[in-house]
Amino acid sequence: MSDLTRWFDSRRSPFELFQRMFEGEEVASTGIKVEELVDDGKLVVRAELPGIDPERDVDVSISEGQLRIEAHREERQEEKEKGGYRTEFRYGSFTRTLKLPEGASADDVTATYTDGVLEVRVPIPEQKSARLSNKIEVKRG
């Protein structure tokens, strides 16, 4: 389990940590809010994307060891009443890029959208446990 903890901690770039420290939660509010966890040997990323059409408004891709989620939202409400007209709209594009475990590929990645939440599952390749030190036997020559 400690290997998973180290993997999770090392994925954060110094720039991202610096940015979050000085800019606070505003950085997260301009992007897509996500939840990351490991379940049954897979990295599970859940992204909060309410009010979109997943087939038309979401693009999920993997490139150069990174998972990229892009979404676009466009909403418009109109109210016509006697003596007045009111319209309200909300639109924007959102992007989130996450570093994947070393060796992860796009081959068996799945993405589903249910009740405003996009869930992406990425298999985590088994890593050979690296020993921090190895004792080398010295033989007489």
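Strand β7 is largely enclosed by the rest of the structure, because 5 of its 7 residues are buried. Buried here means under 20% relative accessible area, exposed means over 50%, and partly exposed lies in between, with a 1.4 Å probe and protein chains only. Before we look at the neighbours of this strand, a word on the model.

This is a predicted model, in which local features need pLDDT of at least 70 and side-chain atom pairs count only at pLDDT 80 or more, while totals for chains, interfaces and linings use all residues. Residues are numbered from 1 along each chain as its sequence is written, and side-chain values use heavy atoms, with hydrogens and water left out.

**The overall layout**

The protein chain has 4 helices and 7 strands. Helices (H or I, at least four residues) and strands (E, at least two) are DSSP runs, numbered from the N terminus. Read from the N terminus, the order of elements is α-α-α-β-β-α-β-β-β-β-β. Of the 141 residues in the chain, 21% are buried. Among contacts with a separation of 6 or more, 52% are between residues 24 or more positions apart; a contact means heavy atoms within 4.5 Å.

**The partners of β7**

Two strands count as paired if DSSP finds at least two bridges between them. Strand β6 (residues 110-114) also runs antiparallel to β7, joined to it by 5 bridges, with Thr114 opposite Val117 in β7. β6 and β7 form a hairpin with 2 residues between them, and in the turn Asp115 has a positive phi of about 50°.

Setting aside neighbours within four places in sequence, Leu49 is in contact with Ile32, Val58, Ile69, Ala71, Arg73, Tyr113, Gly116 and Leu118.

Strands of a sheet pair through backbone hydrogen bonds, either parallel or antiparallel. In this model, 3 strands form an open sheet in the order β3-β4-β5, with antiparallel pairing. β3 (58-63) and β5 (84-99) stand at the edges with a single partner strand each, so one side of each has no neighbour in the sheet. Neighbouring strands of the sheet are turned by 10° against each other on average, direction ignored; the axes are lines fitted to C-alpha atoms, and angles run from 0 to 180 degrees between N-to-C directions. Strand β4 (residues 66-81) pairs with β5 over 16 bridges in the antiparallel sense, and Glu75 stands opposite Arg90 in β5.

**Charged pairs**

Side chains of opposite charge can pair when their charged atoms come close. The whole structure holds 9 salt bridges, each being a side-chain nitrogen of Lys or Arg within 4 Å of a carboxyl oxygen of Asp or Glu. Three of them are listed here.

| Salt bridge | Closest N to O distance |
|---|---|
| Arg46 and Glu35 | 3.1 Å |

Arg46 lies in strand β2 (residues 42-48) and Glu35 in strand β1 (residues 34-39), so their bridge ties together parts that are 11 residues apart in sequence. Arg46 is partly exposed at 29% relative accessible area, and Glu35 is partly exposed at 40%. Both belong to a network of salt bridges that links Glu35, Asp39, Arg46, Glu119 and Arg121.

Is Asp57 buried or exposed? At 12% relative accessibility, Asp57 counts as buried, whereas Arg56 is exposed at 63%. Asp57 lies in helix α4 (residues 54-57). Leaving aside neighbours within four places in sequence, Asp57 is in contact with Ile52, Glu70, Ala71 and His72.

In the remaining pair of the table, Arg86 is partly exposed at 40% relative accessibility, and Glu88 is partly exposed with a relative accessible area of 40%.
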